[in-house]
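The sequence and structure come first.

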Amino acid sequence: MADATDVKSPETETRTANLSLPDGQSLDLPVTVGVENECAVNVGALRSETGYITLDPSYGNTGSCQSDITFIDGEKGILRYRGYPIEQLAQKSSFTEVAYLLIWGELPTKQQLENFSMLLTENEMLHEGLRNAFEGFPPYGHPMAILSAMINASACYHPDLMEMSGEDDFPIAAAKLISKVRTIAAFSYKKSIGQPARYPNPALSYCANFLHMMFSIPYGRYEPEPEATKALSQFLILHADHEQNCSTSTVRMVGSSQANLSASVAAGVCALWGPLHGGANMAVIEMLTRIQETGMSVKDYVEKVKKREMKLMGFGHRVYKNFDPRAKILQKAAADLLDKLGITDRRLEIARELEEAALTDDYFVSRKLYPNVDFYSGIILNAIGIPTNMFTVMFAIGRMPGWIAHWYEAYKQAGRICRPRQIYTGPTERQYVPIAER
Ligand code: CMC
């Protein structure tokens, strides 16, 4: 347990921000200060008191909630889950332990971790009816579409995912999703390559079990490489949460309508899919492969980016204006893994050259663009044997505990439905014209 003296709570300061509006109205707005001294002007009373709203498209200046889960200092390149630095967790922890930490707020005791692992094992199978539902997808169906559809469909087979009758049901619902998402992902891969689905093996750890379901074949002997299992666990830890990103905000938004946990995380999967978010890991490896295959020089590629003909995928971040600490860890992990597995991948060198070129170029320096989590992760996934079209699914498996932790936090906060407003810019009132007169 953390020392209670370490835990500070956010305070609403006595300081206020004064807002003067063009029509002469003036309003004192309270300032909320987080435990790491981040400050927010609380505009909760703005519209009811003045009729004004705030306008912040893309939410770059909007705090949507107060949260105890993850802290990021984008200027300093700091990321902590529940107070623990990501570097320590990536080095010392396991994915299941981190999942527990994110959801329940504390590192588990040995007994708690065993119980949680057992819960994951007990819930790793898919209902046979759900397994048959894979037959409805074409072999070339995108794994993210299948994942989202299957998470939604799993609620049909496990009604307890839809109807939590109380907080006691939550641990099982959480374990079902964390465990089954891995089984769904592996089954969809097997389906796409025309191999029989491999059932989970309860004797294996979370990550080794996933590799077994992905790569073993009936009657074949398969032992997941310990290096691959370790690298996978680290990959999942590094993706496990990232506070109010697009997919997590989606999960909280959907959950705010009191939609159930599985519907909310299925929506999170869809939000993650885009290339500006989780889909960037696929886009990065495609970019590196294109550079390798066309023989284009890194310098030429960077010039094209500067001319805005394309983006440097895996670079830039809304919050980090410094190194993304996850990218640093993954860069080293990629090199170590290739070394241990005896794999040569020219794309790692290309990625390093791109990084070096960008970090010494004023275009990137002036915009504070650094490698993000997706820049090196694909090299690791390919080395483990994960095909490129599964990359974003791997991100989703990792992010599942974070989505669940946020859904649960919002559930306990029991806030109002999330419902932004807008400034209307369409036509003002006009009269309907019958079709014959148009
Ligand atoms: N390559 C080239 N220019 C870039 C890039 C990039 N990757 N990222 C940002 N810029 C430029 C952008 O054009 C803009 O320039 P200007 O001010 O001259 O118009 C400036 O930098 C600020 O960028 P922005 O688009 O306003 O930044 P944002 O906070 O809205 O977007 C981002 C953040 C991550 C979507 C963006 O940096 C990007 O598209 N990166 C590439 C995609 C990517 O790697 N996404 C993964 C993000 S991390 C993991 C995750 O969230 O899942």
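## The second largest pocket

The second largest pocket has a volume of about 350 Å³. A pocket here is an open set of points on a 1 Å grid over the protein atoms alone, where a 1.4 Å probe fits and protein lies on both sides within 12 Å along at least five of seven lines. Grid points are joined across faces, edges and corners, and the volume is the space filled by probe spheres set on the points. The model is predicted: local features need pLDDT of at least 70, side-chain atom pairs count only at pLDDT 80 or more, and totals for chains, interfaces and linings use all residues. Residues are numbered from 1 along each chain as its sequence is written, and side-chain values use heavy atoms, without hydrogens and water.

The lining (residues with an atom within 4 Å of a point) consists of 13 residues, and K230, Q234, K332, A333 and D336 lie nearest the centre of this pocket. Two or more lining residues come from each of α2 (86-92), α9 (226-238) and α14 (325-341). Helices are DSSP runs of H or I with at least four residues, strands are runs of E with at least two, and both are numbered from the N terminus. The largest share, 6 residues, belongs to α14. By class the lining has 5 nonpolar, 2 polar and 6 charged residues; Ala, Val, Leu, Ile, Met, Phe, Trp, Tyr, Cys and Pro count as nonpolar, Asp, Glu, Lys and Arg as charged, and the others, Gly among them, as polar.

## Around the ligand

Polar contacts are pairs of N or O atoms within 3.5 Å. A polar side-chain atom of Y363 lies 2.9 Å from a ligand nitrogen atom, and a backbone N or O atom of L276 lies 3.0 Å from a ligand nitrogen atom. For R367, a polar side-chain atom lies 3.0 Å from an oxygen atom of the ligand. Taken alone, the ligand exposes 920 Å², of which the protein buries 74%; areas come from the Shrake-Rupley method with a 1.4 Å probe.

## Paired strands

An open sheet of 3 strands runs in the order β4-β5-β6, with antiparallel pairing. Its edge strands, β4 (70-73) and β6 (84-85), each pair on one side only. Two strands pair if DSSP finds at least two bridges between them. Strand β5 (residues 78-81) pairs with β6 over 2 bridges, and R80 stands opposite P85 in β6.

Strands β2 (residues 26-33) and β3 (residues 39-41) are antiparallel and pair over 3 bridges. V33 stands opposite C39 in β3. The hairpin of β2 and β3 has 5 residues between the strands, and N37 takes a positive phi near 70° there.

Conventions:
Polar contact = N/O pair within 3.5 Å; in protein donor to acceptor, adjacent residues only side chain to side chain.
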